[in-house]
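Please look through the structure shown below before reading on.

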Amino acid sequence: MDKKPSETGSFAAKDNCSEEENELARLRKENQRLMMENDILKQAALIMGRK
């Protein structure tokens, strides 16, 4: 459930979201970072395998 700016005193989206929404956003961001790291490691393994 979204909170109103008048309740939190902030117009920032992260301050006006529920705990679950904040956690979901944090986990999505972490998942994206981990997928990028995995792709980098896969490419590094391919490069090292050629040598």
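Arg33 and Glu37 lie four residues apart in helix H2, so about one helical turn separates them. In this predicted model, local features need pLDDT of at least 70, side-chain atom pairs count only at pLDDT 80 or more, and totals for chains, interfaces and linings use all residues. Residues are numbered from 1 along each chain as its sequence is written, and side-chain values use heavy atoms, with hydrogens and water left out.

Side chains of opposite charge can pair when their charged atoms come close. The term salt bridge stands for a side-chain nitrogen of Lys or Arg within 4 Å of a carboxyl oxygen of Asp or Glu, and a search of the whole structure finds two of them. Arg26 and Glu30 are also four residues apart in helix H2, so about one helical turn lies between them.

The relative accessible area of Arg33 is 40% and that of Glu37 is 37%, while Arg26 has 46% and Glu30 has 31%. Each of these values counts as partly exposed, because buried means under 20%, exposed means over 50%, and partly exposed lies in between (1.4 Å probe, protein chains only).

Glu19, Glu20, Glu21 and Glu23 form a negative surface patch, where a patch of charges joins like charges within 9 Å on residues with over 30% relative accessible area and no salt bridge. Glu23 is part of helix H2, which spans residues 19-50, and Glu23 is partly exposed at 42%.

Taken as a whole, the chain has two helices and zero strands, these being DSSP runs of at least four residues (H or I) for helices and at least two (E) for strands. Of its 51 residues, 6% count as buried.

Conventions
Patch = residues over 30% accessible without salt bridge, like charges linked within 9 Å, V, L, I, M, F, W, Y side chains within 5 Å. Areas by Shrake-Rupley, 256 points an atom, 1.4 Å probe, with all protein chains shown as cover. Lys, Arg positive; Asp, Glu negative; His and termini not counted. Charge placed at Lys NZ, Arg CZ, Asp CG, Glu CD.
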